[in-house]
Amino acid sequence: MATASPPAEIYDVEGAASYLPLPSSPTPPRPSKKLLPTILLSSFLLISLILLLLTSQTPPSQLKLKLNDAAADHTATPLSRGVSQGVSEKVFRQVNGNALTFPWNNVMLSWQRTAFHFQPEQNWMNDPNGPLLHKGWYHLFYQYNQESAVWGNITWGHAVSKDLIHWFHLPYAMVPDQWYDVNGVWTGSATILPDGQIIMLYTGDTTDAVQVQCLAYPANLSDPLLIDWVKSPSNPVLFPPPGIGSKDFRDPTTAWLSPGGDKWRITIGSKVNKTGISIVYETSDFIKYDLLDGYLHQVAGTGMWECIDFYPVSLTESNGLDTSVNGAGVKHVMKASMDDDRHDYYALGTYDPIGNKWTPDNPELDVGIGHRYDYGIFYASKTFYDQNKQRRILWGWISESDAEGLDLMKGWACVQSIPRTVVYDQKTGTDLLQWPVEELESLRGDSVEADVKVGPGSVVPVAIDSASQLDVEVSFELDEEAVEAAVPEVGAGYDCTTSGGAANRGVLGPFGILVLADDNLTESTPIYFYVAKGANGKTESHFCADELRSSQAPDVVKTVYGSSVPVVDGEKFTIRSLVDHSIVESFAQGGRRVITSRVYPTKAINGAARVFLFNNATGASITASLKMWKMGSADIRQFPL
């Protein structure tokens, strides 16, 4: 078993010249004139390598550096993708066009591919669709472009797993081959009926760019792999109702039983002007539908609601519930993906099936204005009920945050989150708890453990020989005397997103871990807490992820994510971070808050990646207890049909 560096190696700001402070701003490399010939030669070799790859046959298992016309023209502005067809923008415009100003190489780009997150072998992927469990196999369908690493030509990819970690790719489940879905087989959900039948409802984009709802079902229910799917001859089964725009009607949910138990209900997202709405239909056969009066819910000013999810959670048990459960001891979660800001919001509330109304517990924490599943990159999420283990599992689409040209060079874009269990937070009564499925722990290998006191302004290296694939669990105790003595902060309340990141110091924070860091901290991604003391003497805790120094390349988005997080009396500050190359998923306080980051380091990769504990507070020490595992790789490959 590896061990952490002893406390004697702590870097002390006040008394050690070897202290490595967190940089106050990114420091891009400044090559000297002596290095220019080397850089020119390296650039020539890189271009030669790309041309060689473009003119040779590369095995699918190897990295493909692809350049199309847009990627080759580094000044080109990428086309808008998706908006003209009525879905959210699929091009990441925070990065200026396709301008690739950094000398990326094959080693850097190859390193970015994840090892234990699900992703196809190549090309573009977005929303998770219709997850379900059938005859011992977990099924994941997803939005997929067969032709390129950018959005378009949307088909349903299909993969199966016995444990949600190791996956087999299967043939496409559905392709855009009918007039009602020729412009895309878009997002949908699965419903398993009491007799075992599987109903798949999805949105099709017609030849006239109208969003309609369609029905599909397995050709052979006895097939555990559900390889063949049949589109109903009755398609489309739903058109946009009066008053709803032709491009504002998409993403049907899993169905739940009506109060009489003889019909099924689904809800679909839409908008009226700038008010986001949830429309409900009732059906007995999934072909003919009745539109119920009113809306299940609506929130003014939130815009178009996509990918609605609606499901019950138990107030007293730690297990999940079937989608049709309601009654005493149950709350309902209403979740919507906001087209306007590309975030997934949820709220807890009470469902009245007779009145066809869902009412939030707290209107100030309503859908679109309150809690988010994830305060980083996470969108178009979908849950399903695992009937074997009685748990509700959440999937989410993790997009890229680099230039589109880089994705075209790599030949792939986007991953799925690690599947997470979802339960009601019985401690706060106002939150959900998300946690990686237990099966992920099967990938844990060698571990590091450390108990370290970290003084103000200190950075502690953790000895581990490979830090690109990690499962990190760490708890922190803040010096209570320092908290009591701390002077209240002046001005507006702390906000992770506008704070300037982990380099900006306060009396009681920031403190946490640095992942994907190099030895000199020229690149690092801090995951941390900041405790702010208000004028009333009370403290408020914040959980943040800082990408500002995550990469020296300018071709990627670098920002600070986060939010406030309740820390209940008696709780320590806790973080669990899953580091998998270019993705970091971090869970605070047992999953009360989650942040997913996409980072693209140029130095802190492979054997150069490091992990540190840090305390950048000015007036408080922390005691950190860390356990960290090296993670193996998931086996994701084609099924041997």
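Hi everyone, let me begin with a term: rings of Phe, Tyr and Trp (for Trp, its six-membered ring) pair if their centres lie within 6.5 Å, with planes under 30 degrees apart counting as stacked, over 60 as edge-to-face and the rest as tilted. With that in hand, here is one aromatic cluster, formed by F118, Y142, Y144, W167, Y172 and W395.

Before going on, please keep in mind that this is a predicted model, where local features need pLDDT of at least 70 and side-chain atom pairs count only at pLDDT 80 or more, while totals for chains, interfaces and linings use all residues. Residues are numbered from 1 along each chain as its sequence is written, and side-chain values use heavy atoms, with hydrogens and water left out.

Back to the rings. How many aromatic pairs does the structure hold? There are 33 aromatic pairs. One of them is F168 with F639, an edge-to-face pair at 4.9 Å centre to centre and 75 degrees between the planes. F168 belongs to strand 4 (residues 167–174) and F639 to the segment after strand 36 (636–638), so this pair ties together parts 471 residues apart in sequence. When I say strand or helix, I mean DSSP runs numbered from the N terminus: helices are H or I with at least four residues, strands are E with at least two.

Another edge-to-face pair is F511 with F573, at 5.4 Å centre to centre and 85 degrees between the planes. F511 lies in strand 27 (residues 511–517) and F573 in strand 31 (residues 573–580), so parts 62 residues apart in sequence are tied together by the pair. F511 counts as buried at 0% relative accessibility, and F573 counts as buried at 10%.

Rings can also meet charges. A charge sits over a ring if NZ of Lys or CZ of Arg is within 6 Å of the ring centre and within 35 degrees of the ring normal. The charged end of K410 sits over the ring of W412, 4.2 Å from its centre. For R342, the charged end sits over the ring of Y379, 5.7 Å from the centre.

Now to the cysteines. A disulfide is a covalent bond between the sulfur atoms of two cysteines, and here the cut-off is a pair of cysteine sulfur atoms within 2.5 Å. The structure holds 1 disulfide. Which residues does the disulfide join? C496 is joined to C544, with an S to S distance of 2.1 Å. The torsion about their S-S bond is about -60 degrees, so the disulfide is left-handed. It links distant parts of the chain: C496 is in the loop between helix 5 (480–485) and strand 27, C544 is in strand 29 (residues 539–546), and they are 48 residues apart. C496 is buried at a relative accessible area of 1%, and C544 is buried at 0%.

Next, a sheet. Two strands pair if DSSP finds at least two bridges between them. An open sheet of 6 strands runs in the order 20-1-2-3-4-36, with mixed pairing. Strand 20 (412–413) and strand 36 stand at the edges with a single partner strand each, so one side of each has no neighbour in the sheet. Within this order, strand 2 (residues 137–145) and strand 3 (residues 154–161) pair in the antiparallel sense over 8 bridges. As an example, L140 has A159 in strand 3 as its bridge partner.

Finally, the interior. In soluble globular proteins, nonpolar side chains tend to be buried together. A nonpolar core is a set of buried Ala, Val, Leu, Ile, Met, Phe, Trp, Tyr and Cys residues joined through side-chain atoms within 4.5 Å. The largest such core has 73 residues, and F476 and L613 have the most contacts inside it. Strand 26 (residues 469–478) gives the most to this core, with 5 residues. Apart from this core lies another, of 25 residues, among them A115, W395, L443 and V594.

One last stop is V437, in the loop between strand 23 (432–436) and strand 24 (444–454). V437 counts as buried at 0% relative accessibility. Leaving aside neighbours within four places in sequence, V437 is in contact (heavy atoms within 4.5 Å) with residues including L164, I165 and P419.

Conventions. Buried < 20%, exposed > 50% of the residue type's maximum accessible area, 1.4 Å probe, protein only.
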